[in-house]
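Subject: Structure for your review

Dear colleague,

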Amino acid sequence: MKARLNWAWAALLTGALAAGGCGTAERSSGPAGGPSSGATASSTAPPNPAATLVELSVTGGFAGVRDVVVVREDGTYASYRKQGKGDSGRMEGAELDRLKDALDAARFTALPAEVTSSPIADGFTYRITHRGHAVTTSDPVPLPELKAVLAALPTR
């Protein structure tokens with residue numbers, strides 16, 4: 001039952017991100033779908049503690065892996081596997097700082113959308129999304145900066 005709830009949460013989160021985009025102001029509607037009289041988020045508002053910091057999708061390999069790890073700004077994370085197994089937890093302060101530092105050091109949002117080397121048979125493909133920017137890479141990961149980001153993520 002817990003695995004079903006985790007997958008449902010992942011589908012809901014992914015759908016919300018796809019529909020609303022990362023880092024955009026949230027809008028709500030009033031009765032009957034009309035505009036809301038409430039205020040919208042501004043660029044100076046503190047980050048939503050449940051907002052996504054980074055999402056990693058891993059696919060490929062001999063067994064046809066499909067894993068997803070979502071880390072939120074507050075350090076909570078959840079992982080999901082094709083087989084329905086999942087895990088969740090919270091990164092400690094130093095671990096979360098290491099991940100944020102790795103993303104900053106990689107100048108992640110300035111990286112091209114695809115950073116690959118010569119693919120290897122049964123290798124993995126990694127899609128990393130941070131601040132609305134997605135980068136796809138594969139084994140062997142060609143940039144040390146991306147290796148550092150992958151290494152800083154919670155184990156999956």
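The notes below describe the sheet, the contacts around its strands and the helix packing.

This is a predicted model, in which local features need pLDDT of at least 70 and side-chain atom pairs count only at pLDDT 80 or more, while totals for chains, interfaces and linings use all residues. Residues are numbered from 1 along each chain as its sequence is written, and side-chain values use heavy atoms, with hydrogens and water left out.

The sheet

Helices (H or I, at least four residues) and strands (E, at least two) are DSSP runs, numbered from the N terminus. Strands of a sheet pair through backbone hydrogen bonds, either parallel or antiparallel; here, two strands pair if DSSP finds at least two bridges between them. The model contains an open sheet of seven strands with mixed pairing, in the order E4-E3-E2-E1-E6-E7-E5. Its edge strands are E4 (86-90) and E5 (114-115), each of which pairs on one side only.

Strand E1 (residues 52-60) is antiparallel to strand E6 (residues 124-130), and seven bridges connect them. Across this pairing, Glu-55 is placed opposite Thr-129 in E6. E6 is also joined to strand E7 (residues 133-138), by six bridges and in the antiparallel sense. The hairpin of E6 and E7 has two residues between the strands, and Arg-131 takes a positive phi near 55 degrees there.

Tyr-126 stands opposite Thr-137 in E7. Tyr-126 is buried, at a relative accessible area of 8% (buried means under 20%, exposed over 50% and partly exposed in between, with a 1.4 Å probe and protein chains only). The structure holds one aromatic pair. The ring centres of Phe-124 and Tyr-126 are 6.5 Å apart and their planes lie at 50 degrees, so this pair is tilted. For this term, rings of Phe, Tyr and Trp (its six-membered ring) pair if their centres lie within 6.5 Å; planes under 30 degrees apart count as stacked, over 60 as edge-to-face and the rest as tilted. Phe-124 is partly exposed, with 27% relative accessibility.

The side chain of Tyr-126 also makes a polar contact of 3.1 Å with the side chain of Asp-139. A polar contact is a pair of N or O atoms within 3.5 Å; within protein, one must be able to donate a hydrogen and the other to accept it, and residues adjacent in sequence count only if both atoms are side-chain atoms. Asp-139 lies in the loop between E7 and H3 and is buried, at 16% relative accessible area.

Asp-67 and Arg-81

Strand E2 (residues 65-72) contains Asp-67, which is buried with a relative accessible area of 8%. E2 runs antiparallel to strand E3 (residues 76-81), with five bridges between them. The bridge partner of Asp-67 in E3 is Arg-81, and the side chains of these two residues are joined by a polar contact of 3.4 Å.

The helices

Helix H2 (residues 93-105) packs against helix H3 (residues 144-152) at an angle of about 160 degrees, with the axes 9 Å apart. The two helices are therefore roughly antiparallel (angles over 145 degrees; under 35 is roughly parallel, 65 to 115 roughly perpendicular and the rest oblique). Ala-152 lies in H3 and is buried, at 5% relative accessibility. The C-alpha atoms of Ala-152 and Asp-97 are separated by 9.3 Å, although the residues are 55 apart along the chain.

Yours sincerely

Technical notes
Axes are lines fitted to C-alpha atoms, for helices over the stretch in contact, and angles run from 0 to 180 degrees between N-to-C directions.
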